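Here are some exercises to work through with the model open beside you. Try each task before you read its solution.

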Amino acid sequence: PALPPRPHFAELTQEVLTQAVGPSADLKRLTYLNLMGSSLKRIPGPVLAELPALRVLSLAFNELQKLEHLEQLPALEHLDISFNAVRRLDTLRGLPRLSFLEVQSNMLHRLEDLNVLKRSLPQLSNLSIADNTLCELKGFKWLVLRRLPTLTKLDGKPVTEEDRAQASEKICCLTPELILEHAGYLRRPGCSSVLTPFPGTVTPPGTPAP
């Protein structure tokens, strides 16, 4: 028999949350929430604040363009936001326990987001990031492994000691010069420039303003 279609909502509200988990669910103790394919565009903070014990959250196949208020989920360990329209990860913070992040098939295009992950997710060990414009950069795998030394899996494949050794040999550091060298890989309609330098780096003469 055909499965009934999942309900579609533009915004996660208390009513939507109740429909998803059932009226008898204790939200304060809820550890798993699946909102896949619900056409969500926004995730308001007050609703997430009702889920302090949540460990796994799936928001895949929605219409999210940015991440908001996830710091309201301090116990979160696994976040799936694949197949959305997210362009930046700069608001991904306040998740000290997050170890598994799925962001594949979004609209990520800025190398700075690797620094965001390094700075904001100290426990990150499993990352799926394939099928983003960012990934088309030559040597991207080695950049990721250099910036995120805690990873044990990348796009579903184990990270080996050989991988780490190759990353050290192929990429010494992520610099504005390296970004400029491969910038053509990341220019797509609707994507802004990736020429913004990382904090602490010196912009080479003649570098266009971001």
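Contact here means heavy atoms within 4.5 Å. This is a predicted model, where local features need pLDDT of at least 70, side-chain atom pairs count only at pLDDT 80 or more, and totals for chains, interfaces and linings use all residues. Residues are numbered from 1 along each chain as its sequence is written, and side-chain values use heavy atoms, with hydrogens and water left out.

**Exercise 1.** Work out how many residues of helix α3 (residues 112-120) are buried, and what they pack against.

*Solution.* Start with the cut-offs: buried is under 20% relative accessible area, exposed is over 50%, and partly exposed falls in between (1.4 Å probe, protein chains only). Helices (H or I, at least four residues) and strands (E, at least two) are DSSP runs, numbered from the N terminus. Next, count: 7 of the 9 residues in α3 are buried, so call the helix mostly covered. They're E112, D113, L114, N115, V116, L117 and S120. Finally, look at the neighbours: these buried residues pack against β4, β5 (126-128) and α4 (140-147).

**Exercise 2.** Find the aromatic pair and say which parts it ties together.

*Solution.* Rings of Phe, Tyr and Trp (its six-membered ring) pair if their centres lie within 6.5 Å; planes under 30 degrees apart are stacked, over 60 edge-to-face, the rest tilted. That rule gives 1 aromatic pair. F61 and F83 are stacked, at 4.4 Å centre to centre with 5 degrees between the planes. F61 sits in the loop between β2 (56-58) and β3 (78-80), and F83 in the loop between β3 and β4 (100-102), so the pair ties together parts 22 residues apart in sequence.
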